[in-house]
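Try each task before you read the solution under it.

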Amino acid sequence: ILGGLIASAATTGAMGLARSVSFFVILRMTGGVASAIAFVLTCAAVLESLAESDRAELGTVMFAGVGAGIAGSASLTAALRAMGLRWPVLWAAGGALSMLGVLVCRQLLPRGKPHSPSMKAGAARLDRRFARITIAYGLFGFGYIITATFLVAIVRSNAGAHSIEPLVWVIFGLSAVPSIGLWRAVGRRLGAAGAFALAALTEALGVMGTVIWHGVAGVLAATLLVGGTFMGLTALGLTRGRELAARNPQRGLALMTSAFGLGQIVGPGFAGALSDRLGSFTLASVIAAAALIVAAALAAI
């Protein structure tokens with residue numbers, strides 16, 4: 001976990017030194033692999049430990065960290081831009097903030113024997129329900145990342161809302177922090193699968209809202225809908241996946257994260273190419289929303 005976090009922070013800071021597309025790609029690929037390793041191992045270890053301690057509700061604290069991190073990095077970037085600093089300094093500052101977080105994590109991790117998530121006999125058997133939630137999770141990655149990647153560009157092109165461009169990511173991150181608790185409460189009533197389906201439909205509405213709702217109020221509403229569901233979907237999806245892959249939660253989480261990562265790879269390139277051709281992100285957002293609706297249907301089956 002620490003190795004993944006250190007590599008993620010280091011590759012973020014090193015982006016300020018990059019002066020070629022090739023170096024950019026190498027750094028982002030390395031950072032993506034490192035963060036995926038840290039995410040999978042952390043989720044597997046923490047969620048299993050909490051389940052064994054009958055304190056599963058504390059998983060919301062871990063997932064809320066993602067929203068807090070988004071809000072923190074967005075605030076840092078906005079502040080440095082307001083000071084007139086150029087993009088290399090922004091990357092270096094982000095890397096430094098991330099490395100500070102690594103030091104905090106090092107103090108919080110257990111100092112005793114390393115925890116190894118259990119892998120019980122018969123772990124290789126993953127049924128059709130697990131396959132469906134994995135595909136749904138991949139479609140969620142595709143649908144959410146299109147808006148997450150181009151949200152600032154979409155807001156910038158919105159004549160009635162471009163003034164709040166610097167605040168959009170802060171709002172996006174802050175809305176994610178309390179959303180985990182909200183969606184977990186929904187999950188207790190509807191089950192993880194039902195709550196995942198409802199959250200996916202809610203996010204689809206937000207994705208569409210970013211391109212069809214104009215003005216500050218519309219953009220804020222759409223940002224809150226997307227920001228307030230993406231980490232809830234992450235937590236609910238992994239919770240459901242862990243239920244279905246209980247014999248080997250680490251392998252199950254790894255497969256789901258791989259599907260999510262594939263969606264995140266395909267989404268931005270597809271949407272960017274479509275936008276270059278059509279001059280807007282409207283059609284790409286419609287397709288992203290459709291992917292989320294299919295994800296909801298797969299989860300609900």
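**Exercise 1. Find where Gly279 lies, and decide whether Gly279 is buried or exposed.**

Start with the helices, which are DSSP runs of H or I with at least four residues, numbered from the N terminus. Gly279 sits in the loop that joins α8 (249-278) to α9. Next, take the cut-offs: buried is under 20% relative accessible area, exposed is over 50%, and partly exposed is in between, with a 1.4 Å probe and protein chains only. Gly279 counts as exposed because its relative accessibility is 63%. Finally, compare Gly279 with Leu233: they are 46 residues apart in sequence and 30 Å apart in space, C-alpha to C-alpha.

A note before going on: this is a predicted model, in which local features need pLDDT of at least 70 and side-chain atom pairs count only at pLDDT 80 or more, while totals for chains, interfaces and linings use all residues. Residues are numbered from 1 along each chain as its sequence is written, and side-chain values use heavy atoms, with hydrogens and water left out.

**Exercise 2. Work out whether Thr11 is buried or exposed, and which backbone oxygen lies 2.8 Å from its side chain.**

First, locate Thr11 in helix α1 (residues 2-14). Thr11 counts as buried because its relative accessibility is 8%. Then look at its side chain: a polar atom there lies 2.8 Å from the backbone oxygen of Ala7.

**Exercise 3. Compare the end-to-end distance of α6 with that of a straight helix.**

Helix α6 spans residues 165-212, 48 residues in total. A straight helix would reach 70 Å at 1.5 Å a residue; this expected span is 1.5 Å times one less than the number of residues. In the model, the end C-alpha atoms of α6 are only 17 Å apart. Now look along the helix: a kink of about 120° is centred on Gly191, where the bend is the angle between axes fitted to the seven residues ending there and the seven starting there.

**Exercise 4. Sort the lining of the largest cavity by class and by helix.**

A cavity is a set of points on a 1 Å grid over the protein atoms alone where a 1.4 Å probe fits but cannot get out, and lining residues have an atom within 4 Å of a point. The lining includes Arg129, Ala193 and Ile301. By class, six lining residues are nonpolar, none polar and three charged. By helix, α5 (128-156) gives the largest share, three residues.

Conventions
On a 1 Å grid over the protein atoms alone, a cavity is a set of points where a 1.4 Å probe fits but cannot get out, and a pocket is an open set with protein on both sides within 12 Å along at least five of seven lines; lining residues have an atom within 4 Å of a point. Helices (H or I, at least four residues) and strands (E, at least two) are DSSP runs, numbered from the N terminus. Ala, Val, Leu, Ile, Met, Phe, Trp, Tyr, Cys and Pro count as nonpolar, Asp, Glu, Lys and Arg as charged, and the others, Gly among them, as polar. A polar contact is a pair of N or O atoms within 3.5 Å; within protein, one must be able to donate a hydrogen and the other to accept it, and residues adjacent in sequence count only if both atoms are side-chain atoms.
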